[in-house]
Amino acid sequence: MHNTHKNAFAFTIPLIILTLISTTVNATTYATALSKSLLYFESQRSGRLPYNQRVTWRDHSALTDGLEQGVDLVGGYYDAGDHVKFGLPMAFTVTMLSWGVIENGDAIKNAGEFEHALEAIKWGTDYFIKAHTSPHVLWAEVGDGDTDHYCWQRPEDMTTSRRAHKVDEANPGSDVVGETAAAMAAASIVFRKINPHYSHLLLHHAKELFEFGDKYRGKYDESLEVVKSYYASVSGYKDELLWAALWLYKATDNVDYLQYTIHNALNFGGIGWAISEFSWDVKFAGVQILATQLLMKENNKEHKKTLEEYHSKAKHYICSCLNKNINGSNVDRTPGGLLYVRQWNNMQYVSSAIFLLSLYSDFLKSTNQLLNCPKQTLITHEEILGFAKSQVDYILGSNPMNMSYLVGFGSSYPKRVHHRSASIVPFRDNKAFIGCTQGYDSWYGKVDPNPNVLVGALVGGPDFEDNFSDDRGNYMQTEACTYNTAPLVGVFAKLNELEDLEEGSKDYSYLIASSK
């Protein structure tokens, strides 16, 4: 997966469209989307697959990762349609999966998907435990994008470089280290009651990683040249250090982590940056929402002033998504109403926005507050959740293309996803070796649909005019990434539960967003 940057947005979806959307989905829709979204992570598994692997067109792969460097780095996730294991987006994926379970665990349980959600998280955290080989060493990548992209072959046939790359005291990477600490701290909360020993182990690693990232500061893309063209840390590492500290505070209740977030609020940009995107790179909006949630805790009153400053910046993000800011600081929208941040893999910003919008709606409801934005005051938690729901429904097919951008959902969805493994005959059906460029010759250019459906993948999505070309070579639109789907897991469960509660009365009016 490759990435680039841009900002902006509009809240003018006609009421009739949202009314139509709100009556054309039901609990079954969201329950199905939840089940399918969790299947996707099994498609992305690297390493030795378990006995209960449900995606059977995949097989064992990359079983010697780390061998060249004398470490065991088998496992983890491929980030997208290629076979590099990039540590920063993988860690963000696990943080978002964990956050979804923390906030919506009961809803996931009620939908019968809790074990699958835990498996998706643990597949990542098991790998991070391996990758953190000593207190001040983290293996941040396996493989490299340049040689990987030269080939089009199944992961089971890989012939590309599997060299591993690490950050350490001499070559710091506070961003990837901070995000991995956040992922392990968040996951430790998930496993606290279910598997206390594992939770404690994750927390031990998270604390060590945070201390490492904070003491030896630096951007990982300045230490590791191989990541620069793929997952460069444009925002720097200060957002990840704040992010990790907040997650460690949530996991431990140790006030030192909170003090770190308060003390560094200004000079790290936590209360300085007003941002209108949230992604694997730019964490400020997530930091600001997390800090806002702390206002609900009585024992944080002494820090209320700084937490309210975080809250102010969180409101900027929410208002920008709702098209209620002024001075051109809103997120753009397509004519069909989809949030639009940038051309390349836009859906990653949509799914992360949906998640933060749903959380902020919960915050307003819990604190009995209304949101005041520059262009409109007194926005209710129902309106915010209604807008988040409209974005989910757009993803699931309520859009001008009548296309579900969640692969395998509904009758019309992308059939030619830019994904090496999905586009080639399954290993179990044909074990004949497929060479590096042979896949380009025999499979990449085929106009036929992929032989394997990448169920649950959220592709990059439509362009600024709601147009989508289902072409394997159109990677800006047809490639999917783990961090696209991850934020939706908890939201699908939440919407499924809400629809279940409302099914008796058929009253969906509270989910219809204002068209003012």
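Reply: Let me begin with a word that we will need: a helix here is a DSSP run of H or I that has at least four residues, and helices are numbered from the N terminus. Please also keep in mind that this is a predicted model.

Me: ok, so which helix are Lys305 and Glu309 in, and how far apart are they along it?
Reply: They both belong to helix α13, which covers residues 304–321, and because they are four residues apart in that helix, about one helical turn separates them. As a general point, an α-helix has 3.6 residues a turn, so residues three or four places apart point the same way. In this model Lys305 and Glu309 form a salt bridge, with 3.4 Å between the closest N and O atoms.

Me: are those two buried or exposed?
Reply: Lys305 is exposed, its relative accessible area being 64%, while Glu309 is partly exposed at 30%.

Me: how many salt bridges are there in the whole structure?
Reply: A search of the whole structure finds 19 salt bridges. One of them joins Arg162 to Asp65, whose closest N and O atoms are 2.9 Å apart. That pair links distant parts of the chain, since Arg162 sits in the loop between α5 and β3 and Asp65 in the loop between α2 and β1, 97 residues apart.

Me: and is that pair buried or exposed?
Reply: Arg162 is buried, and Asp65 is buried as well.

Me: what does Arg416 form a salt bridge with?
Reply: Its partner is Asp470, and the closest N and O atoms of the two are 3.2 Å apart. Arg416 lies in the loop between α15 and α16, whereas Asp470 lies in the loop between α17 and α18, so this pair ties together parts that are 54 residues apart in sequence. Arg416 is partly exposed, with a relative accessible area of 22%. There is also a network of salt bridges, which links Glu42, Arg45 and Arg54.

Me: new topic, the inside. which residues have the most contacts in the largest nonpolar core?
Reply: Those are Trp99 and Leu371, in a core of 151 residues. Helix α14, residues 347–367, gives the most to this core, with twelve residues. In general, nonpolar side chains tend to be buried together in soluble globular proteins.

Me: what is Trp99 in contact with?
Reply: If we leave aside its neighbours within four places in sequence, Trp99 has contacts that include Trp243, Trp247, Phe278, Ile289, Leu290 and Phe355. A second, separate core of five residues exists too, and among its members are Trp152, Ile424, Val425 and Ile434.

Me: you mentioned α14. where does Ser352 sit?
Reply: Ser352 is found in helix α14, and it is buried, with a relative accessible area of 1%. Its side chain reaches the backbone oxygen of Gln348 at 3.1 Å. Beyond its neighbours within four places in sequence, Ser352 is in contact with Phe278, Tyr317 and Pro487.

Me: how long should helix α7 be?
Reply: Helix α7 has 20 residues, 196–215, and at 1.5 Å a residue it should therefore span 28 Å; its end C-alpha atoms are 29 Å apart, which agrees. Its buried residues include Tyr198, Leu202, His205, Leu209 and Phe212. What covers the buried residues of α7 includes α4, β2, β3, α6, α10 and α11.

Me: β2 and β3, so what sheet do the strands form?
Reply: Three strands form an open sheet in the order β1-β2-β3, and the pairing is antiparallel. β1 and β3 stand at the edges with a single partner strand each, so one side of each has no neighbour in the sheet. β2 and β3 pair over four bridges, and the bridge partner of Glu141 is His165, in β3.

Me: last one: what about Asp221, is that buried or exposed?
Reply: Asp221 counts as buried because its relative accessibility is 3%, and the cut-off for buried is under 20%. It is found in helix α8, residues 220–223. A polar atom of the Asp221 side chain lies 2.6 Å from the backbone nitrogen of Ser233. Leaving aside neighbours within four places in sequence, Asp221 is in contact with Val227, Lys228, Ala232 and Ser233.

Key
Residues numbered from 1 in each chain as written. Predicted model: local features only at pLDDT ≥ 70, side-chain atom pairs only at ≥ 80, totals over all residues. Heavy atoms only, no water. Helix = DSSP H or I, 4+ residues; strand = E, 2+ residues; numbered from the N terminus. Expected span 1.5 Å × (residues − 1). Buried < 20%, exposed > 50% of the residue type's maximum accessible area, 1.4 Å probe, protein only. Contact = heavy atoms within 4.5 Å. Salt bridge = Lys/Arg side-chain N within 4 Å of Asp/Glu carboxyl O. Core = buried A, V, L, I, M, F, W, Y, C linked by side-chain atoms within 4.5 Å. Polar contact = N/O pair within 3.5 Å; in protein donor to acceptor, adjacent residues only side chain to side chain. Pairing = 2+ DSSP bridges.
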